[in-house]
Amino acid sequence: MLFFKTHKGQVTLNFLFSFFAAVVIFAAMMKILHWQGADIAIMVGLLSETTVFMLMAFAVPPPEEPHWQRYFPNINEHPDVERARTGTFEVTPLTLPGASGNGYVERGRYHASESWSLE
């Protein structure tokens, strides 16, 4: 359903999730305090939440993933495979120094022959 991709649709879903979650929380408080009608309130709240979740599962399409390969061409390649293919491991902004556990980073290049340290 295209309605849920619009701003109004997102606001509606957010309202439904929040409202029925509030019903469940209030019903739980009723149950803890042993108030009458707590069983029915919890049942109504949980059934409503179930309905909203089913709506999300079947009617709302998943959000589109950005094409990360445009920005990070080797994102799907393991660092060890890249090192075997090219002899080096290029550091990207998402790469942590020493992340593979057997090397260090110096001037944007990964060196596997020596150990990396913080000193």
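The cover over the buried residues of helix α2 includes helix α1, where buried means under 20% relative accessible area (1.4 Å probe, protein chains only). The model is predicted: local features need pLDDT of at least 70 and side-chain atom pairs count only at pLDDT 80 or more, while totals for chains, interfaces and linings use all residues. Residues are numbered from 1 along each chain as its sequence is written, and side-chain values use heavy atoms, with hydrogens and water left out.

**Helix α2**
- Helix α2 spans residues 38-59 and reaches 31 Å from its first C-alpha to its last, close to the 32 Å expected at 1.5 Å a residue; the expected span is 1.5 Å times one less than the number of residues.
- Its buried residues are Ala38, Ala41, Gly45, Ser48, Glu49, Val52 and Ala59.
- These residues lie on the same side of α2 because they cover an arc of only 140° around the axis, taken from the directions from the helix axis to the C-beta atoms.
- Exposed residues (over 50% relative accessible area) on the other side of α2 are Asp39, Ile40, Leu47, Thr51, Ala57 and Phe58.

**Overall architecture**
- The protein has 3 helices and 2 strands, in the order α-α-α-β-β from the N terminus; these are DSSP runs, with helices (H or I) of at least four residues and strands (E) of at least two.
- Of its 119 residues, 18% are buried.

**Confidence**
- The mean pLDDT, the predictor's confidence in each residue from 0 to 100, is 76 for the protein, and 72% of its residues reach 70 or more.
- Among the elements, helix α1 (residues 7-32) has the highest mean pLDDT (91) and strand β1 (residues 104-106) the lowest (55).

Methods:
Contact = heavy atoms within 4.5 Å.
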